[in-house]
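Subject: A structure for you to look at

Hello,

Here is the structure I promised to pass on. Please open it next to this message and follow along as you read.

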Amino acid sequence: MCDVAPHKLRIQLAPLQGFTEAPFRNALEECFGGVDVFYTPFIRIEHGEVRKRSLRDALPEVNKVSCIVPQIIASTYDEAQILINALSEQGHQRVDINMGCPFPALALRGKGSGILSQPDKVAEVLRVVQENPSIRFSVKMRLGYEQPDECLALLPILNDIDLVQVAVHARVGKQQYKGVCNLQAFVEFAEGCRHPLYYNGDVCTLQDIERLHAQFPFIEGVMMGRGLLAHPWVAYEYASGILLLDGKRKECMRTFHAHLFDYYAQHLEGGETQLLQKMKTFWEYLMPETDRKLLKRIHKTHCIADYTADVHQIFL
Ligand SMILES: Cc1cc2nc3c(=O)[nH]c(=O)nc-3n(C[C@H](O)[C@H](O)[C@H](O)COP(=O)(O)O)c2cc1C
């Protein structure tokens, strides 16, 4: 774990369902580092109970990173409280509240970004903050669901409670992950927000981080998602100030990939097919500069030996 110099922004790993589960988080910290806080993908109530697989992902014993924060998603106080109880039983003292997920199946039920246009529902869910004084809370949100100024109406609610931080993905829910981030709307929210603020959205390179720091000197840090899925070394390079030479970078990537591969080879029950399927999902984002033919072969293969040979070639 790197100590980040005070003049540097802090870097947090954004949660990405299906990607940033414990094996990814552990491998990222062990092989690269540079990330201060790792969030679990959201944990939710499913068929009336807390989704077990997600809870397992938050267990302290499966998380080797120095700072793990479980994230919950809920549309009511009661739902949020059930999730918090389950996490505090695991020993967690920090919880992040998701108010950003754009998936229509959840958003249309008033969860994730679907809650942002309803200040009374936001206030209801956030009542858990006062009701659980032994837990420290943070919020990850978007600018709104339909309109980028919906977040402004939430400022009095957010400012009235104790939060470790607020992270804002500078899009609205209905944009999903497309279109440009709305930096002007982010600034307007920032001007009224009294909590430490993290910027999120399309932060991919060292230059992006430095540009954001210059543009938004008031932020405490950035939350990076797809940028770290693509180039897991960027947080290390930023925090340490050391650029990895090509050979060293490939060596670290080889180890990083081996960690993921070995973990899933041991833990997935569906054999080679499931293992390949899982590893291919990482290549949806990983190192997009890789030779296109090689990437295509990886996505098409049904054979572990071919997969391994192609990956070997990438990290040569
Ligand atoms: C596949 C996928 C899964 C995601 N899962 C979550 C999640 O579980 N919780 C959450 O708060 N955000 C989730 N997000 C949103 C990311 O955390 C992040 O806010 C978004 O990708 C923008 O940041 P980026 O441009 O750095 O990736 C997800 C995004 C993607 C693409």
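The C-alpha centres of domain 1 and domain 2 lie 28 Å apart. Domain 1 covers 10-240 and domain 2 covers 246-314; such domain bounds come from an automatic or database domain assignment. Please keep in mind that this is a predicted model, in which local features need pLDDT of at least 70, side-chain atom pairs count only at pLDDT 80 or more, and totals for chains, interfaces and linings use all residues. Residues are numbered from 1 along each chain as its sequence is written.

Where the domains touch, 13 residues of domain 1 are in contact with 13 residues of domain 2 (in contact means that the C-beta atoms of two residues, placed from the backbone, lie within 7 Å). On the domain 1 side, helix 1 (22-31) and helix 9 (226-230) each supply at least two residues. Helices (H or I, at least four residues) and strands (E, at least two) are DSSP runs, numbered from the N terminus. Helix 1 gives the largest share of that side, five residues. By class, the domain 1 side has ten nonpolar residues, one polar and two charged. Here Ala, Val, Leu, Ile, Met, Phe, Trp, Tyr, Cys and Pro count as nonpolar, Asp, Glu, Lys and Arg as charged, and the others, Gly among them, as polar.

**Around the ligand**

Which residues come nearest to the ligand? They are A14, Q17, P41, G225 and R226, out of 22 residues around the ligand (a residue is near a molecule if its C-beta atom, placed from the backbone, lies within 6 Å of it). Strand 2 (37-43) and helix 9 are the elements that give two or more residues to this shell. The shell has nine nonpolar, ten polar and three charged residues.

**Strands to trace**

Start with strand 2, where seven of its seven residues are buried (buried means 20 or more other C-beta atoms within 10 Å of a residue's own, exposed means 12 or fewer, and partly exposed is in between, with C-beta atoms placed from the backbone). Strand 1 (residues 10-13) runs parallel to strand 2, and two bridges join them; strands pair if DSSP finds at least two bridges between them. L13 has F38 of strand 2 as its bridge partner, and F38 also stands opposite I68 in strand 5. Strand 2 and strand 5 run parallel and are joined by four bridges.

Why is strand 5 (residues 68-72) largely enclosed by the rest of the structure? Because five of its five residues are buried. From strand 5 the chain crosses through helix 3 (residues 77-89) to strand 6 in a right-handed β-α-β crossover.

Finally, look for C252 in helix 11 (residues 246-267). C252 touches C31, F32, W233 and L244, not counting residues up to four places away in sequence.

Best wishes

How values were computed: A crossover is right-handed if, with the strands pointing away from the viewer, the path from the first strand over the helix to the second runs clockwise.
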